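Here are my notes for you, in the order I would go through them. Have the model open while you read.

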Amino acid sequence: MKITAIKPYAVWVGIRNQLVVKVETDEGVFGWGESGLSGREKAVVGAIEHYAPLVIGQDPFQIGRIWQELYRSQYFEGGRVLQAAISALDIALYDIKGKALGVPVYDLLGGKQRERIPTFATTSGEPGPEMIEQAKMLIENGWTAMRLSPSGHGETTYEPREHLGKTAKWMVKAREELGEDVVLGIDLHHRLSVAEAASFCQKMPSGTLDFLEEPIRDETPEAYEALRRLTDIPFAIGEEFASKWQFLPYIERDIHQFNRLDVCNVGGLTEAMKVAGWSEAHYVDMMPHNPLGPICTAATVHFAAAVPNFSWLETRSSPAETHLGFDNSEFFPVQPRLERAHYPVSDAPGLGVEVNEALIARQSFAFWQAPMLHRRDGSVTNW
């Protein structure tokens, strides 16, 4: 079997684009992958076009070798654009191999360790009564873990200090109303400085939150170590990491407790499994990032099924986020479907996803830019 073609499709699905990639072979078996670099899809398409001549003609079963060749194919290895391209191709190769052998992808990763994958959901309402009501609705629908809403997330002018007190107040209120059994966290979207994040944490009694996601930017591990000294809330970080090497200081120096690994950014399933094994040795649980489409969800479900150190998979298909539309059934007629708060693990060969290629081929790319936030003094801040 030889690879004969690589076809990237950057298409608008729901509220933003998805970049899905089809890899074809001379035996009619094909696989689908997805890139995770939202908002920079055209850059990833360019990288895939660079990689195509290196991959076409190769045996798709040689997944590890192809990964190394793509990563080492130039002097300037790695980076988020190239790794997003490698991720999509790597996932597609696992899909091909599973289909060709008649086994689900989890069998290629060592077998299934769990029958269903627990998820965490995200409230979309501003901190306040609406957020609490959404959280109660999620509990009624089976969720025992959730990520609550930060104040000011939908604004274009963002002053961190103005939102910390309000957010902390409603985190405390949520814990009081939802009880001690539910896992509660918050994603601060790396908007804060160390001092701001510490101030936020110190406004709440210990035990209010079970995880703090991306409170500050992650380029400097020492900054997270400084924040660790100022709070006891477990950290959930890593969704932006594009290799095992970026995870290295966080794992080896015991900075965080949950890995928000994204299989569509980190280098695909090949790299994800290496990070998972490394994390297991340090008692760090996998809590995968999953804000994309059904291909990403399917690949991550197989990953979650195969690793022992797993907590929850992010889902953006809960009743609290029906407006997102990432799991369009016309584009993806066969895809992972939630059963209350869990994804069942598909036993279909490959990823277990089907794509309406004729339909997505007719969809056009629509420019999407993540919100560019500013402070009142005119300076730029993080989204």
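This is a predicted model: local features need pLDDT of at least 70, side-chain atom pairs count only at pLDDT 80 or more; totals for chains, interfaces and linings use all residues.

Is Lys99 exposed, partly exposed or buried? Point 2 has the reply, but start with some ground rules.

1. Residues are numbered from 1 along each chain as its sequence is written, and side-chain values use heavy atoms, with hydrogens and water left out.

2. Back to Lys99: its relative accessibility is 28%, so Lys99 counts as partly exposed (buried is under 20% relative accessible area, exposed is over 50%, and partly exposed is in between, using a 1.4 Å probe and protein chains only). Lys99 has a salt bridge to Asp95, with 3.3 Å between the closest N and O atoms. A salt bridge here is a side-chain nitrogen of Lys or Arg within 4 Å of a carboxyl oxygen of Asp or Glu. Asp95, for its part, is buried at 0%. Both residues sit in helix H3 (residues 80–101), four residues apart, or about one turn of the helix. Helices (H or I, at least four residues) and strands (E, at least two) are DSSP runs, numbered from the N terminus.

3. Lys112 is partly exposed, at 27% relative accessibility.

4. Arg260 and Glu213 make another salt bridge, at 2.9 Å from N to O. Arg260 is in the loop between strand E9 (258–259) and helix H10 (268–281) and Glu213 is in strand E7 (residues 211–213), so they tie together parts 47 residues apart in sequence. Arg260 is buried, at 0%, and Glu213 is buried at 0% too. Both belong to a network of salt bridges that also links Arg147, Asp187, Glu239, Glu314, Arg316 and Glu321. The total count is 26 salt bridges.

5. Gly267 is in the loop between E9 and H10, and Gly267 is buried at 0%. Setting aside neighbours within four places in sequence, Gly267 is in contact with Trp67, Gln83, Ile86, Ser87 and Asp90 (contact means heavy atoms within 4.5 Å).

6. Last, the largest pocket: its volume is about 1500 Å³. A pocket is an open set of points on a 1 Å grid over the protein atoms alone, where a 1.4 Å probe fits, with protein on both sides within 12 Å along at least five of seven lines; lining residues have an atom within 4 Å of a point. Of its 50 lining residues, Arg16, His189, Trp368, Ala370 and Trp383 are the closest to the centre. The lining divides into 15 nonpolar, 18 polar and 17 charged residues (nonpolar: Ala, Val, Leu, Ile, Met, Phe, Trp, Tyr, Cys and Pro; charged: Asp, Glu, Lys and Arg; polar: the others, Gly among them).

Key:
Grid points are joined across faces, edges and corners, and a volume is the space filled by probe spheres set on the points.
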